Structure formats: structure tokens, C-alpha cells
Amino acid sequence: MDLVANNLSYKPDDQYHLNEVSFNFKEGNLYTILGRTLSGKTTLLKTIAGLLTPDSGEIEFDGKNFLKIPVWERNVAMVYQQFINYPHLNVFENIAFPLKQRKIDKSIIKEKVMDALKSVGLLGYENRKIQELSGGQQQRVSLARSLVKNAKILLLDEPLVNLDYKLREQLREEFKNLFSKGLADETILIYSTTDPRETMELNGEVIVLDEGKVLQVGPAKEIFENPNSLKVAEISNDPPMNIIEAKISDNQIRFEGIDVEAPQHLSKLTEDGLKIGLRSSDIELNENGHEFEVELAEISGSETLLHLKRGDTKIIVSIEEVLNFKIHDKVKINFKIDRAYAFHADGKLASSPFGGLNG
Amino acid sequence: MNKLYIFLKYFFIVVWTVFVVAPFLWALTTSFKDFQSVNGGVTYIPWVDFEPNLEGWKVLIKSPAKGGVDIIEPYFNSLFVTCTASLISIILGTLSAYALSRYTFKAGFVKNNDITFFFISQRIMPPIVLSIPFFLFLSSINLLDSLTGLIVVYIVLLMPIAVWIMVDFFNKVPREIDETALIDGCNPYQAFLKVVLPNSIPGLIVAGMFCIIFGWIDFFFAFILTFTEVQLLPVKIVALNSSVTPWWSLSASALVSVAPLIIVAFIVERYLSKGNLSGAIK
């Protein structure tokens, strides 16, 4: 049973929320929609759920026109980024709600709810009030409610974004287990996120969305290794990929008075307006490197993010340890230039170290 | 520091309690006094300062022929009109408020906020402005001096309160809750009845309380729109006044007329103290 969309567009104001979006989702697969905030992820999920009607375009599911079926008959499930549950019901009643709506026998409901509670690790909480639960537990309840329905389409809209770091890691791990346990055998799982790391870990088919437009579709690894444009490279990396305006001549990449020997996959690109892309993790501190000035140093978890500047070029370097820097300190860095990407002036990928295009 | 805080806290509670309760106590003792005990200087304690009697209360239930005012019928009229009008206002107001909160309306330059303001603007107008239109309207449909006519007018006056409170309340209930109900297999009516309404009980109680209070205390429209057939309590109480002000029966009537509001307040307070009004929606 495939979920097929053709040229979905939705423009409620002067901006496109969806712009000619097409896809073909197959059952048993996990699809990750990666995009920044306001890129149209939620709009897309709501359109699939039936909460929004697109201005134009079609959605078909199992060969039937999905747009003609009202939300309550679509058999989809959705988990929101806010922890949405029914505050007037306790945990058990919350999870049983969609089943009661289908008038299923009470004993079967009980069995199914208990199964769902078990799979999200909330056994023993069934009589608790929703308000008594922590954020992570509330999100588990809404996940359980969406699992219990055996929906053909399961939509997860940034389900981890409002959780704190530790819970997020833990729940992400549980999601992976749940998804791989065969839950997805006949379900189409659609997971939206802003976090490239999450995308990589879930390792499904990725749809990169920006300003309502699909920029690239492909397996997570492919998106990461060969982003087809500057935009995708920015969206699929956190911190965003560093973009350096440079010129390549005589086998040298030149910018801000620095000359770096061009690796093989870049050496033939001599056009004007070339942009070199380098991940923040592909730059390292090195005594013999090039001098940059520290603009800002932030410590995030066990990482230090250094915002550096030289002339007009600003870059971010991530270092896998906690280091203290002062603003205006001078640091020396080295580029792992063999991992650099090159983009044409119009933003299209020119060459990637993983063999994309000219490589 | 801590002790001072506790002392000040209880001090203010005591002062406030006296401030609130004293008028009631005063009215209660006065209602058992007669002409002499009221006019013969300040008296406080029954049987010590003055001899209590039931004259003030008896006047309220005696028929006019026997020199009383008989507030029993107006009392039940008032209860009936207030409760019916409040109930209808709450039902209509809640439905309108839900529509205004969740759906987009547009007729030329008129949008949701304008419609909401239109409702509220009914309460901004001074009542005197409304009196003539209401009078002419009721007389044209033959409902002057009738309970039905009063209920119609009170709905016009009370529904804006319900709309106003409920729009605000529904705007605070996340839309995603309705959407989740739809996704979970409810049609829009079921989503409203099974999910939105049960979570709006605090709002309904507050709106209901305001409707009942404003309906119950109205004197102006009850006075203008009724004559002899139907009378409401506030109008009847005024009829008590004569050349000699009967403080004892006025006090008694004040107490019986405030009683329903006190009962409402106690019910709401109980609900409040259970914590049901807060934290329903995160």
C-alpha cells in the first residue's frame, strides 16, 4: 500500500508552506523529513493526516484518493512535538481513546493498551493523571496512543524536540528499537526533524525540505555524503557546513591569503564564484596551521564550538573536548581539505569527496 | 522574620474577614429588630441589647392585602429567569465561542475578532440605551411583562459574557488537542463533546458564575420590562420601601436575595480548592 503525493502545494499567505511536493512512500519503510523550522514539515504531515487541505495536488493511498477521506476515517496516527494528550483522561483512558472510538470489545482494548504501555516502558502508570507525568513520559503516552491503533501511516512530528538532552537520547534509542522490531512491517513511518544527527541515526529514506520545496531525496548516508546543493549541505549538518568563498588555480585553493593544496577531486574546478564547503568537524587545531581570530566559543555538552574569523571569512570549528578560549584569542587551525566539498556559484554541488559529480 | 510574616498574614486575614462578614452579621441582627430597636440607638446582641422578633421576615411572605410584600413568587421568578437565561447563554455562548476560536470567518472586512468584539460591545453600551429598543421589541412580539420576554432579554445581556470568557478559554486550549481527537477517529462534533468540552469545565464554571451573578442582580431591565403580571425579586424588594424605611424587612430581603450567590460561590470555591480549575491544560 503506497502513499503517493503529486505536486502538493499549499499557500495560505504570501509564502509557500508546500511547493509542488511529490513523493512515493512505500509500506514498511521509515521516511525522515529533514528541514529547518518553518520549512513546511508540520504542514506536510498535517496534509497527510488530513488536517489541512492542499490548494492543489493529489494524495493517493492504496490507490484511493486520500483527499476525499476525512481525517477521522483515514487511520493515521500522529505524535506532535508538544506533548499532546487528553488532560481530562488518565494514562489508560488516553491510550484506549482511539480504540473506544472504534467500539472495540473492552477486554481487547485492555490487552492492547497494556501491550502499548509495555512497549513504551510505562507499565504501572495506567492510573496516573497526565499532568503528573514528566515531559518524556507524556510523550511516551502519546506515542503509545498512536501505536495502539495499528495505523497504516504513523506520523511523528519532531517528537523529541521538546525533551531535554538525556531523555532525547534515551527515547531516540527506544524509537530505533521500536521501528526495527517489525512495527513498520505494514506501516509507513514518517518522522520529521530538524536534527541531522537524528536523521543519520534513524537511517531511513530522507526528504530534505526547505521553504516548502523538496530539495533532495535519498538514503540518509547519501544525503550526508553527497548533498546536492549548498542548502542541503547547510540543513543536513549541525553546526551547518562552513562555506568559504575561494578560488582554485595552479592546484591551490586560495582564500584570505591562505593557500591550501587542492585535493584531486577539486583540482579541476577553476571557475569563478566557487564555494568550498567543509564540515566543522573537518577542521582541527594545529600549531602549524593558519591563524584565525576567536569571535565566540561555546561549550555544548562535551564539545567546544569555536566561531572563528579571518578577513571576511567566518567559520565554525567543533572540537571534541571542553576548552576555554577568550574572545579575540588567536588560534591556529588546519583544514582536512581532502574532505572538502565544492559548490558552483548557483549553489549546486560541484564535487564531493565521496564521489558526487566531478569527483 | 518568619513569625512576623505569619502574624501579619493572620492579622490581614482577620481584618479582611471582619470586613467581609460584618455587613452580613449586621443585616442578620437588623432583620430581627423592630422600629424601636433600630431607632433607639445602636444595639448589637439579641436578647441582651434588644428583643428579637420575626416581623421583618414575616412581611416578606405576607400577602400585600395583609400589609406584606410576598416575595415568594418573585423569588422563584428570578431563580427561573436567571437559571434559564444563564443556561441558554452558556450553551449558545460556548458553541459560538468554539466556532470563533477554531474556524475562520470572513465577510468583507468583518473577521473573527470583529465578531467577538461585536458580542462584547453589547455590554459596553449603557443599559439605558438598550431600554427603549428592548421595550419596543418586546411589545411588538407581545412579550412585555412576561417571563419569556425577560429570558430573551437576559440572554442578549448574558451571552456576550459567556462568549467573551469562553473564546479566551478555547484559545488557550491547544488546537492540537482537537486535531488529535480527529486523528483518533472523532468527527468534529465528537471531538468537541468528548475532548474539548470536558477540558473546558473550569471555563464553563467561571462563565456560568458570571452569568448567574449578572442575571440575578439585574434591576434595571426587570423594572422597565415588567409591570404587574410578572415581577422579579430586585424590583419587589424596592417596593418594600415606604415613608418609614423598614430596615428590618430590607435586611431580611437582602439576606435571602444574596443567598443563591453565596451558594454558587461555595460550590465554585469547593471546585477551586480541589485544584480542578488550574493545570487542566499544560
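Analyst: Leaving aside residues up to four places away in sequence, A:Ala233 touches A:Pro227, A:Met241, A:Gly277 and A:Tyr341. The model is a predicted one. A:Ala233 sits in helix 8 of chain A, which covers residues 230–235. Is A:Ala233 buried or exposed? A residue is buried if 20 or more other C-beta atoms lie within 10 Å of its own. A:Ala233 has 27 C-beta neighbours inside 10 Å, so A:Ala233 counts as buried. A:Ile223 is 10 residues away from A:Ala233 along the chain. The C-alpha atoms of the two are 8.3 Å apart.

Now the chain around that residue. Chain A has 359 residues, and 41% of them are buried. Its secondary structure comes to 8 helices and 21 strands. Along the principal axes, the C-alpha atoms of chain A fill a box of roughly 75 × 45 × 35 Å. Take the contacts in chain A between residues at least 6 apart in sequence. Of these, 65% join residues at least 24 apart.

Another helix of chain A is worth a look. Helix 4 of chain A runs over residues 135–147. Its 13 residues should span 18 Å at 1.5 Å a residue, and its end C-alpha atoms are 18 Å apart, so the two values agree. Helix 4 of chain A is largely enclosed by the rest of the structure, because 10 of its 13 residues are buried. Among these buried residues are A:Gln138, A:Arg140, A:Val141, A:Leu143 and A:Leu147. What do the buried residues of helix 4 of chain A pack against? The partners are strand 6, helix 2, helix 3 (106–119), strand 7 (153–157) and helix 5 (165–180), which belong to chain A.

Two of those partners also meet each other. Helix 2 and helix 3 of chain A pack at an angle of about 125°, and their axes are 10 Å apart. Helix 2 of chain A and helix 3 of chain A are therefore oblique to each other. Their crossing is right-handed. Helix 2 of chain A brings A:Phe92, A:Ile95, A:Ala96, A:Leu99 and A:Lys100 to the contact. Helix 3 of chain A answers with A:Ile109, A:Lys112, A:Val113, A:Ala116 and A:Leu117. By class, this contact of helix 2 with helix 3 in chain A holds 8 nonpolar and 2 charged residues, with no polar ones.

Next comes the second chain. In the contact between the chains, 18 residues of chain A meet 18 residues of chain B. Strand 6 (76–79) and helix 2 (91–101) of chain A each supply at least two residues of the side of chain A that touches chain B. That side of chain A divides into 13 nonpolar, 4 polar and 1 charged.

Chain B has a helix pair of its own to examine. Helix 4 of chain B (residues 72–102) packs with helix 10 of chain B (residues 201–217) at about 140°, with the axes 9 Å apart. These two helices of chain B are therefore oblique to each other. Helix 4 of chain B passes helix 10 of chain B in a right-handed crossing. On helix 4 of chain B, the contact residues include B:Ser78, B:Thr82, B:Ala85 and B:Ser89. On helix 10 of chain B, they include B:Leu204, B:Gly208, B:Cys211 and B:Trp216. By class, the contact of helix 4 with helix 10 in chain B has 7 nonpolar, 8 polar and no charged residues.

Methods
Residues numbered from 1 in each chain as written. Chains lettered and ligands numbered in written order. Predicted model: local features only at pLDDT ≥ 70, side-chain atom pairs only at ≥ 80, totals over all residues. Contact = placed C-beta atoms within 7 Å. Helix = DSSP H or I, 4+ residues; strand = E, 2+ residues; numbered from the N terminus. Nonpolar A, V, L, I, M, F, W, Y, C, P; charged D, E, K, R; others polar. Expected span 1.5 Å × (residues − 1). Buried ≥ 20, exposed ≤ 12 C-beta atoms within 10 Å, placed from the backbone. Axes fitted to C-alpha atoms, helices over the stretch in contact; angles between N-to-C directions. Parallel < 35°, antiparallel > 145°, perpendicular 65-115°, else oblique. Left-handed = near helix turned anticlockwise from the far one by under 90°.
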